[in-house]
Amino acid sequence: MSEKERSQFELQQSQAEVERLQSQLQQTQEELAQAQTTIRAMESSKFWKLRTSWFEIKEFTSLGTNDYINFWFKKIVKKISILRLANKIEQDKLVSDEKSHSELAPKYTENLFREAQRSAVIARLEIAKFYEVNFSKGLWTLTPNLSYNSCSTPCISVIVTLFNYSEYIVECLESLAKSVTSNLPGGFEVLVIDDCSTDNSVDIVEAYLNKSEIPICLIKKSLNTGLADARNTGIKLARAPYIFILDADNWIYPNCFPTLYREIQSGKYASVYSLIGRFDSKSGEEIGLLSCYPWSVERLVKNPYIDAMAMFSRETVLKVGGYSTELIHHGWFGWEDYDLWLKLAQSDYACKLVPQVLCSYRVHTSSMINTTNYYTYNIAKYFVKKFAGFVEQYAHLDTLFGFKREDIT
């Protein structure tokens, strides 16, 4: 082989090696891009925040670092959103191309955020359940005022669920302070369940209860586990035979409690509910009514028509299992009240409408119902299985759980 031929051969080999290295580099860059996408997805799912929260809980509760706890936590972590998010990335076929990414980003980001939120809540619920079962106490702290400590036998426990409603919570509590109590033996207590608010809601409530004459106890949860679990926490800690459910962005009229208390005492009712006035949060304008119809199981199976704001027998609610936390596996919060009404009906309990406007429901953009509506189809399909007896009993209904029968069965 001549010197020229040898040089050409070596050049060809060098070019081949360069091409091989370029191919490896491209493959590495693609793998890196995919890894970065997955990391961003994990961060958006608040996975690392959840992990940090867990170690904060261990410090808060003095759980230590024994092998059993760590093994259990690893099992929980597997249930978080990593695989789900990775699958979603693959399904959406996100690519590095800026144009394609910009077209997919809004839909992808919105759906991914919803799924990440759900996955994180599911994991926190598992942690809270584990802790309560194994350590016989809940992950929360109590801050009562003097009036609460001296009110040992209230007849009504008002359960106010709070999450980032600093703008509305004072108006809610003020409406309770104006309540008529003359016909309420033992009066009422207020349990404010804060589900890990990130605004100054807790500070506002603490300042309010310190100067308030009504019995108030602030329950600060250590984990954000959602509306159903927050209400269940209130039910567990309630000291009265009757409970009233109230979200922190709504309010009641002064005669609400004595009117509902009188009605629930008059018969063997699991719950009594009133007409509820809807109002626009910005303008204050009235925009209709909620909970308008008398108790009817058939109507209930057909559509959700009763709001959560109502008075219940605490014992009865506990008998049917309280608010169902498993709904988060099928959707979002907002239909746990519908689920509770259905469970009461399923167990043959009677409820009653009081045809007076006793409560007010705020309509605003940050209301949970805006996210709930995205998942109602999935929850309705789940209800077909959960309440299969109703589906069979009311076979003549074209509408079930707010949807056409043919669409969900």
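Predicted model: local features only at pLDDT ≥ 70, side-chain atom pairs only at ≥ 80, totals over all residues.
Helices (at least four residues) and strands (at least two) are DSSP runs, numbered from the N terminus.

**The whole chain**

Display the entire chain first. It contains 16 helices and 12 strands. Of its 409 residues, 48% count as buried. The chain exposes about 21000 Å², and carbon and sulfur atoms supply 51% of that area. Among the contacts with a separation of 6 or more, 79% are made by residues 24 or more positions apart.

**Stop 1: Ala 238**

Select Ala 238, which lies in the loop between helix H9 (227–237) and E5. Is this residue buried or exposed? Ala 238 has a relative accessible area of 7%, and the limit for a buried residue is under 20%, so Ala 238 is buried.

Ala 238 and Leu 191 are 47 residues apart in sequence, yet their C-alpha atoms are 7.5 Å apart in space. Leu 191 is also one of the residues in contact with Ala 238 when neighbours within four places in sequence are left aside; the others are Ser 157, Glu 189, Ile 243 and Arg 314.

**Stop 2: helix H7**

Select residues 169–177, which form helix H7. Its buried residues are Ile 169, Cys 172, Leu 173, Ser 175 and Leu 176. They lie on the same side of H7, because they cover an arc of only 155° around the axis. An α-helix has 3.6 residues a turn, so residues three or four places apart point the same way.

Which elements cover the buried residues of H7? Display strand E2 (156–162), E3, H8, strand E5 (242–247), strand E6 (251–252) and helix H10 (256–266), all of which are included in the cover.

**Stop 3: Lys 221 and its two partners**

The structure holds 12 salt bridges, and this stop shows examples. Select Lys 221 and Asp 195: they form a salt bridge whose closest N and O atoms are 2.8 Å apart. The pair links distant parts of the chain, 26 residues apart. Lys 221 belongs to strand E4 (residues 216–221), while Asp 195 is in the loop between strand E3 (188–194) and helix H8 (201–211).

**Stop 4: helix H13 and Lys 386**

Select residues 336–346, helix H13. This helix is largely enclosed by the rest of the structure, since 10 of its 11 residues are buried. Among them are Tyr 338, Asp 339, Trp 341 and Lys 343.

Lys 386 lies in helix H14 (residues 369–386), so the pair, 47 residues apart, links distant parts of the chain. How do the accessibilities of the partners read? Asp 339 has 0% relative accessibility and therefore counts as buried, whereas Lys 386, at 24%, counts as partly exposed.

Together with Asp 339 and Lys 386, they are linked in a network of salt bridges.

Terms used: Residues numbered from 1 in each chain as written. Heavy atoms only, no water. Salt bridge = Lys/Arg side-chain N within 4 Å of Asp/Glu carboxyl O. Buried < 20%, exposed > 50% of the residue type's maximum accessible area, 1.4 Å probe, protein only. Arc of directions from axis to C-beta. Contact = heavy atoms within 4.5 Å. Areas by Shrake-Rupley, 256 points an atom, 1.4 Å probe, with all protein chains shown as cover.
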